Amino acid sequence: MSLDTTRINQSMTHFDGQDAIWLFGYGSLIWKAGFPYLERRPAYIHGWVRRFWQGSHDHRGTPEAPGRVATLVRQAGAICHGMAYRITPETLGPLDVREKNGYLRLVTELHFEKSERIEGLVYIATEDNAAFLGDASYHHIAQQIAGAKGPSGPNRDYLLNLAAALRELDVEDPHVFELERLLPPLKPTKE
Ligand code: BEZ
């Protein structure tokens with residue numbers, strides 16, 4: 001699969017004719033949308049776990065030193081908690097461009113509290129995209145995150161912000177919290 005997923009995403013017609021779409025966020029979207037939205041609600045989806053298995057050479061790293069950001073990996077029986085945004089269809093265009101580094105739109109069922117559910121959208125970077133890095137030891141992933149930064153900022157801030165946002169939502173995510181624990185402390189800067 002080519003690296004730029006914009007064109008594939010923009011060929012999706014599933015939500016054509018709808019004036020609003022629910023988008024599920026499980027990574028940076030939890031603490032920072034960066035786009036206008038109509039409504040924002042904690043939500044979860046079934047059958048997926050969050051993993052720092054996607055390489056980032058355009059946001060939280062560079063082609064020489066890619067960072068690692070979250071994607072979702074299928075796991076039967078799992079639940080992934082995050083944040084859902086109700087957006088207008090026009091918001092998807094810029095999002096496709098922002099997330100062009102391997103993320104594909106997927107239609108899925110979003111769950112809210114009180115058994116409410118609705119069809120929505122999630123962006124997932126699957127293992128066949130060119131920037132996918134896959135599994136590695138926690139130590140390796142934490143070291144890679146500690147050493148990477150890109151146009152959107154240090155990779156460590158992405159991890160720390162995500163861990164803080166999950167705690168705020170009362171969500172237990174052992175993968176994220178273990179990476180946070182293993183993140184080497186920042187070296188003090190010389191005066
Ligand atoms: C997120 O949930 O933060 C996310 C949104 C778009 C692409 C990848 C991740």
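Predicted model: local features only at pLDDT ≥ 70, side-chain atom pairs only at ≥ 80, totals over all residues.
How far is an oxygen atom of the ligand from a polar backbone atom of Leu29?

**View 1. Backbone atoms at the ligand.** The distance from a polar backbone atom of Leu29 to an oxygen atom of the ligand is 2.9 Å. A backbone N or O atom of Ser28 is 3.0 Å from an oxygen atom of the ligand, and for a polar backbone atom of Gly27 the distance to a ligand oxygen atom is 3.0 Å. On its own the ligand has 260 Å² of accessible area (Shrake-Rupley method, 1.4 Å probe), and the protein covers 98% of this area.

**View 2. The shell around the ligand.** Gly25, Tyr26, Gly27, Ser28, Leu29, Glu99, Tyr103 and Tyr123 surround the ligand, each with a heavy atom within 4 Å of it. The shell consists of four nonpolar, three polar and one charged residues. Here Ala, Val, Leu, Ile, Met, Phe, Trp, Tyr, Cys and Pro are nonpolar, Asp, Glu, Lys and Arg are charged, and the others, Gly among them, are polar.

**View 3. The largest pocket.** The ligand takes the space of the largest pocket; to sit there, more than half of its atoms must lie within 2 Å of the grid points. A pocket is an open set of points on a 1 Å grid over the protein atoms alone, where a 1.4 Å probe fits, with protein on both sides within 12 Å along at least five of seven lines. The volume is about 470 Å³, taken as the space filled by probe spheres set on the points. Its lining (residues with an atom within 4 Å of a point) has 27 residues, and Ser28, His59, Arg98, Glu99 and Tyr158 lie nearest the centre. Two or more lining residues come from each of strand S1 (21–25), strand S2 (39–56), strand S3 (67–87) and helix H2 (92–98). These elements are DSSP runs, H or I of at least four residues for helices and E of at least two for strands. S1 gives the most, three residues. By class, the lining has twelve nonpolar, nine polar and six charged residues.

**View 4. The second largest pocket.** This pocket holds about 210 Å³ of space. It is lined by 13 residues, with Pro42, Ala43, Tyr44, His81 and Leu169 closest to its centre. S2 and S3 each give two or more residues to this lining, and the largest share, four residues, is from S2. Six of the lining residues are nonpolar, three polar and four charged.

**Notes.** Residues are numbered from 1 along each chain as its sequence is written, and side-chain values use heavy atoms, without hydrogens and water. Local features need pLDDT of at least 70 and side-chain atom pairs pLDDT 80 or more, while totals for chains, interfaces and linings use all residues.

Note on methods: Polar contact = N/O pair within 3.5 Å; in protein donor to acceptor, adjacent residues only side chain to side chain.
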